[in-house]
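Biologist: Hi! Could you walk me through this model? I'd like to start with the aromatic rings and then look at the helices.

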Amino acid sequence: MDLSAYFPVFLFIVIGLAVGAICLGVGTLVGPNRPGDVKNAPYECGFEAFEDARMKFDVRYYLVAILFILFDLEIAFLVPWAVALKEVGAVGFAAVVIFLTVLVVGFVYEWKKGALEWE
């Protein structure tokens with residue numbers, strides 16, 4: 001078995017790892033390191049991460065997550081459908097109409113719940 005055909009792959013991996021290590025090293029040496037209360041504060045969910053599990057929090061975080069999934073799925077499924085529009089025919093068109101109807105119902109639900117209004 002001739003392993004010389006895999007040399008470009010090996011070279012690509014080595015160069016990629018080297019560039020990544022160099023970037024991390026230079027960033028660690030040059031970049032400032034000034035942690036503080038504001039930088040270490042939780043920002044993902046809006047409340048302290050290690051508190052009581054039964055505490056109340058705003059439901060809008062779930063609504064934003066639903067919005068993200070709504071639009072993410074829409075793009076992920078509509079782009080391939082649009083590329084293959086001629087091949088899928090009427091059955092594919094009907095399937096996408098049903099799919100978009102479900103997405104529009106989800107969007108209207110989000111709109112009625114006020115997830116699109118920011119304070």
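**Rings and helices**

Modeller: Happy to! Ring pairs link F71, F107 and W111 into a cluster. Keep in mind that this is a predicted model.

Biologist: Where does F107 lie?

Modeller: F107 belongs to helix 3.

Biologist: How far apart are F107 and F71, in sequence and in space?

Modeller: Along the sequence, 36 residues separate F107 and F71, while in space they are 9.1 Å apart, C-alpha to C-alpha.

Biologist: How many aromatic pairs does the structure hold?

Modeller: There are four aromatic pairs in the structure. One of them joins F77 and F99 in an edge-to-face arrangement, with 5.5 Å from centre to centre and 85 degrees between the planes.

Biologist: Which parts of the chain does that pair link?

Modeller: Distant ones: F77 sits in helix 2 and F99 in helix 3, and they are 22 residues apart.

Biologist: What is the relative accessibility of F77?

Modeller: F77 comes out at 49%, which makes it partly exposed. F99 is partly exposed as well, with a relative accessible area of 23%.

Biologist: What about the rings of W81 and F93?

Modeller: Their centres are 6.4 Å apart and their planes stand at 35 degrees, so that pair is tilted. Because W81 lies in helix 2 and F93 in helix 3, the pair ties together parts 12 residues apart in sequence. F93 counts as partly exposed too, at 47% relative accessibility.

Biologist: Let's switch to the overall layout. How many helices and strands are there?

Modeller: The protein chain has three helices and zero strands. Reading along the sequence gives the pattern α-α-α.

Biologist: How much of the chain counts as buried?

Modeller: Of its 119 residues, 10% count as buried.

Biologist: Is the crossing left-handed or right-handed?

Modeller: Helix 2 and helix 3 make a left-handed crossing.

Biologist: Which residues make up the contact: how many nonpolar, polar and charged?

Modeller: The contact of helix 2 with helix 3 has 20 nonpolar residues, two polar ones and four charged ones.

Biologist: Last topic: where does UniProt place the feature "transmembrane region"?

Modeller: The unreviewed UniProt entry puts that feature at residues 6-30, 61-83 and 89-109.

Biologist: And what does the chain look like over residues 6-30?

Modeller: That span is 96% helix and 0% strand, and its end C-alpha atoms are 36 Å apart. Residues 89-109 are 100% helix and 0% strand, with the end C-alpha atoms 31 Å apart.

Biologist: Great, thanks for the tour!

Terms used
Residues numbered from 1 in each chain as written. Predicted model: local features only at pLDDT ≥ 70, side-chain atom pairs only at ≥ 80, totals over all residues. Heavy atoms only, no water. Left-handed = near helix turned anticlockwise from the far one by under 90°. Helix = DSSP H or I, 4+ residues; strand = E, 2+ residues; numbered from the N terminus. Nonpolar A, V, L, I, M, F, W, Y, C, P; charged D, E, K, R; others polar. UniProt positions renumbered as here; feature names shortened; annotations may be inferred. Phe/Tyr/Trp six-rings, centres within 6.5 Å; stacked < 30°, edge-to-face > 60°. Buried < 20%, exposed > 50% of the residue type's maximum accessible area, 1.4 Å probe, protein only.
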